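Here are a few exercises on reading a structure. Try each task yourself, then walk through the solution.

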Amino acid sequence: MKTFKILTIIGIVSFAFYSFTNLVQEEWKVPAKYQNMKNPTDPNEDLDIGKILYDKHCKSCHGNEGYGDGPKADEMKGDLGDFSTAEFQAQSDGALFYKTTIGREDMPEFTKKMPDDEERWLVINYMRTLKE
């Protein structure tokens, strides 16, 4: 009986630990090539196009203000980020371009939905307007 209790406790603790580790997303490593990439578009031009593309492709998960609270957010497993935070805004344009282009887990890669690189750059420019 004592062995059963010990095994049960070990099982519960193991399950809790496993569940917690699945909630923590691995750090998103951005290759240096992208980290240092410069945005070729003017961040003050075509923001309306960036917003239209954001509304079409990003808003359903990331929300209207970029808080990660879109209608599909609850279906996602990982952290959707909060585009308004200083931490998010401190990322280079190249890092955001990489993440938008390549994707991972719940974040789709957008080379098929937005095959034109300039469109993804315009979305990044719009995302910059969502800061606190």
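**Exercise 1.** Which residue just after H6 takes a positive phi?

*Solution.* Start with the labels: helices (H or I, at least four residues) and strands (E, at least two) are DSSP runs, numbered from the N terminus. Helix H6 covers residues 93-102. Just after H6 you'll find Gly103, with a positive phi of about 70°.

Before you go on: this is a predicted model, where local features need pLDDT of at least 70, side-chain atom pairs count only at pLDDT 80 or more, and totals for chains, interfaces and linings use all residues. Residues are numbered from 1 along each chain as its sequence is written, and side-chain values use heavy atoms, with hydrogens and water left out.

**Exercise 2.** Work out how many of the residues of H6 are buried, and what they pack against.

*Solution.* Step one is the cut-off: buried means under 20% relative accessible area, exposed over 50%, and partly exposed in between (1.4 Å probe, protein chains only). Step two is the count: eight of the 10 residues of H6 are buried, so the helix is largely enclosed by the rest of the structure. Among them are Gly94, Leu96, Phe97 and Tyr98. Step three is the surroundings: the buried residues of H6 pack against H2, helix H5 (86-89) and H7.

**Exercise 3.** Classify the ring pair of Tyr34 and Tyr98.

*Solution.* A pair of aromatic rings is described by the distance of the centres and the angle of the planes. Here's the rule: rings of Phe, Tyr and Trp (its six-membered ring) pair if their centres lie within 6.5 Å; planes under 30 degrees apart count as stacked, over 60 as edge-to-face and the rest as tilted. That gives five aromatic pairs. For Tyr34 and Tyr98, the centres are 4.8 Å apart and the planes sit at 55°, so this pair is tilted. Tyr34 lies in helix H2 (residues 32-35) and Tyr98 in H6, so the pair ties together parts that are 64 residues apart in sequence. Tyr34 is buried at 16% relative accessibility, and Tyr98 is buried at 14%.

**Exercise 4.** Now do likewise for Phe97 and Trp121.

*Solution.* The centres are 4.2 Å apart with 10° between the planes, and the pair is stacked. Phe97 belongs to H6 and Trp121 to helix H7 (residues 117-128), so this pair ties together parts 24 residues apart in sequence. Both Phe97 and Trp121 are buried.

Definitions and conventions
Contact means heavy atoms within 4.5 Å.
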